[in-house]
Amino acid sequence: MNFSKWVSLIFILNLFCPTPSFSDSPTSSSNGLTEIPKRFLQFAKRPELFDWMVGIRRKIHENPELGYEEFETSKLIRTELDKMGISYKYPVAVTGVIGFIGTGEPPFVAIRADMDALPMQEMLEWEHKSRIPGKMHACGHDAHVAMLLGAAKILQEHREEIKGTVVLVFQPAEEGGGGAMKLIDEGVLENVNAIFGLHVSSNLAVGEVHSKAGPIGAGNGFFEAVISGKGGHAAIPQHSVDPILAASNVIVSLQHLVSREADPLDPQVVTVAKFQGGGAFNVIPDSVTIGGTFRAFSKESFMQLRYRIEEVIRGQAAVQRCNATVDFFTEAKLFYPPTINHKGLHEHFLNVAGDMIGIHKVKDIKPLMGSEDFAFYQEVIPGYFFLLGMQNVTRGRLESEHSPYYQVNEDAFPYGAALHASLAARYLLEYQPDISFSERKFHDEL
């Protein structure tokens, strides 16, 4: 049956057949809801599923791909979805894969994993070390994909319990490429009522999760400035206009934006991490390039920093008789908004995670100045992001993200897969939004 006939049939059925209420399902009792996370975790801990997730992750780790280059990773994902009988759309945003499990009808809830690696050389020696020079999964995205596929397997095995549709979002280019924004632009979230995402954490114990309602990650932007003067001999500086001196004053003044202008209760960061100028000990260069990052937890503070950074750079350069141009990479590098967890979804997370691992292992997180492009989803629909622990102190310390010695403790996989699946399945059972016939939309793939 072609798509148009299929959708027409659904519309007719929805007009004349009432949607089953929450209480009509045997799994919708309070006890049934409580048991879902426990059952899913037991399922995820089965040796055959655990070993399968580990194998998936190691294949991806051996063949890391950068943002919008995840063709082999995407192929592996599609192969596994085909084996499970899960429909999907590909390509989305170049290499993205969007899968669908459930009835094909609203409500829709999404669970997301990022796929891209980092442009760095892996220094850790082990059997499944990266085979691609200069590329490495140093942020756990290989683990994220494996766990989302694990969640897909759990949900597909329990698809009769799903009262709606789970959307599997395998996203490209999280590491600075704005992959989330591209997926949004291609309409991936059109029908979706909520989205969940996770990130493995080297600092949290296996079996623990950390998050909170409200801001948990900062908005992030980049800037680069070229400060131009007049070069000359270092022994006769009066005949030159020194851009190094001007850049030095700029850097000092930029630090005052946080220490003197920002509310102490509103955390902000301005860091100059790039300073390039000159190539000789006795030559004043014609120009200097500086660059860095700025971060804040609110849009208002973020945009104020952006405005003041440019004003300070141009003003301080002028004081030293120099000119300055400032680039914020608005096209090449998107501004990442703050990561802000939805309050209602936080209660849902507490209930589901508490039922699975015990509420004593569900802890508040202190907001981090790091950024996450999951925030783009949260600007469009309610979203919730949490950290999944993977530290085992008996095995030694794990290096932090973006380290060439970064490791993933694969013992965390059952928890991540089961939480993904439980958050989605329980959301569909508990949160049945009132969607009228005229408001309903359907993906072409369903």
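A charge is said to sit over an aromatic ring if NZ of Lys or CZ of Arg is within 6 Å of the ring centre and within 35 degrees of the ring normal. By that criterion, the charged end of R306 sits over the ring of F328, 4.2 Å from its centre. The structure is a predicted model, in which local features need pLDDT of at least 70 and side-chain atom pairs count only at pLDDT 80 or more, while totals for chains, interfaces and linings use all residues. Residues are numbered from 1 along each chain as its sequence is written, and side-chain values use heavy atoms, with hydrogens and water left out.

**Overall make-up**

- The secondary structure of the protein chain comes to 11 helices and 16 strands, where helices (H or I, at least four residues) and strands (E, at least two) are DSSP runs numbered from the N terminus.
- Of the 446 residues of the protein chain, 52% count as buried; buried means under 20% relative accessible area, exposed means over 50%, and partly exposed lies in between (1.4 Å probe, protein chains only).
- Contact is taken as heavy atoms within 4.5 Å, and among contacts between residues at least 6 apart in sequence, 82% join residues at least 24 apart.

**The eight-stranded sheet**

- An open sheet with mixed pairing has its eight strands in the order β1-β2-β4-β3-β5-β16-β6-β15, two strands being paired if DSSP finds at least two bridges between them.
- At the edges of this sheet stand β1 (87-92) and β15 (362-364), each of which pairs on one side only.
- The twist from one strand to the next averages 25 degrees, with axes being lines fitted to C-alpha atoms (for helices over the stretch in contact) and angles running from 0 to 180 degrees between N-to-C directions.
- Strand β5 is largely enclosed by the rest of the structure, because 11 of its 14 residues are buried.
- β5 pairs with β3 in the parallel sense over five bridges, and V109 stands opposite A194 in β5.
- β5 also runs parallel to β16, to which it is joined by eight bridges, and the bridge partner of L198 in β16 is F386.
- Strand β6 (residues 209-211) pairs with β15 in the parallel sense over three bridges, with S211 opposite D364 in β15.

**Helices against the sheet**

- Helix α4 (residues 71-84) lies across β1, β2 (96-102) and β4 (165-171), and runs at about 165 degrees to β1.
- Helix α5 (residues 141-157) packs on the sheet, where it touches β2, β3 (108-114), β4, β5 (192-205) and β16 (383-391), and its direction makes about 150 degrees with that of β3.
- Because 15 of the 17 residues of α5 are buried, this helix is largely enclosed by the rest of the structure.
- H420, placed in helix α11 (residues 413-430), is buried, with a relative accessible area of 1%.
- Leaving aside neighbours within four places in sequence, H420 is in contact with I111, R112, M147, L148, A151, F196, G197 and L198.

**Antiparallel pairing of β8**

- Strand β8 (residues 219-228) pairs with strand β12 (residues 287-296) in the antiparallel sense over 10 bridges, and the bridge partner of E224 in β12 is G291.
- β8 also pairs with strand β13 (residues 323-327) in the antiparallel sense, over five bridges, and S228 stands opposite N323 in β13.

**Aromatic rings and charges**

- A search of the whole structure finds 13 aromatic pairs; rings of Phe, Tyr and Trp (its six-membered ring) pair if their centres lie within 6.5 Å, with planes under 30 degrees apart counted as stacked, over 60 as edge-to-face and the rest as tilted.
- F374 and Y377 form an edge-to-face pair, at 5.6 Å centre to centre and with 75 degrees between the planes; both residues lie in helix α10 (residues 374-378), three residues apart, about one turn of the helix.
- F374 is buried, with a relative accessible area of 0%, and Y377 is likewise buried, with a relative accessible area of 1%.
- The rings of F374 and F385 have centres 5.2 Å apart and planes at 40 degrees, so the pair is tilted.
- Because F374 lies in helix α10 and F385 in strand β16, this pair ties together parts that are 11 residues apart in sequence.
- One aromatic cluster is formed by F223, F294, F302, F328 and F335.
- The charged end of K153 sits over the ring of W52, 4.5 Å from its centre.
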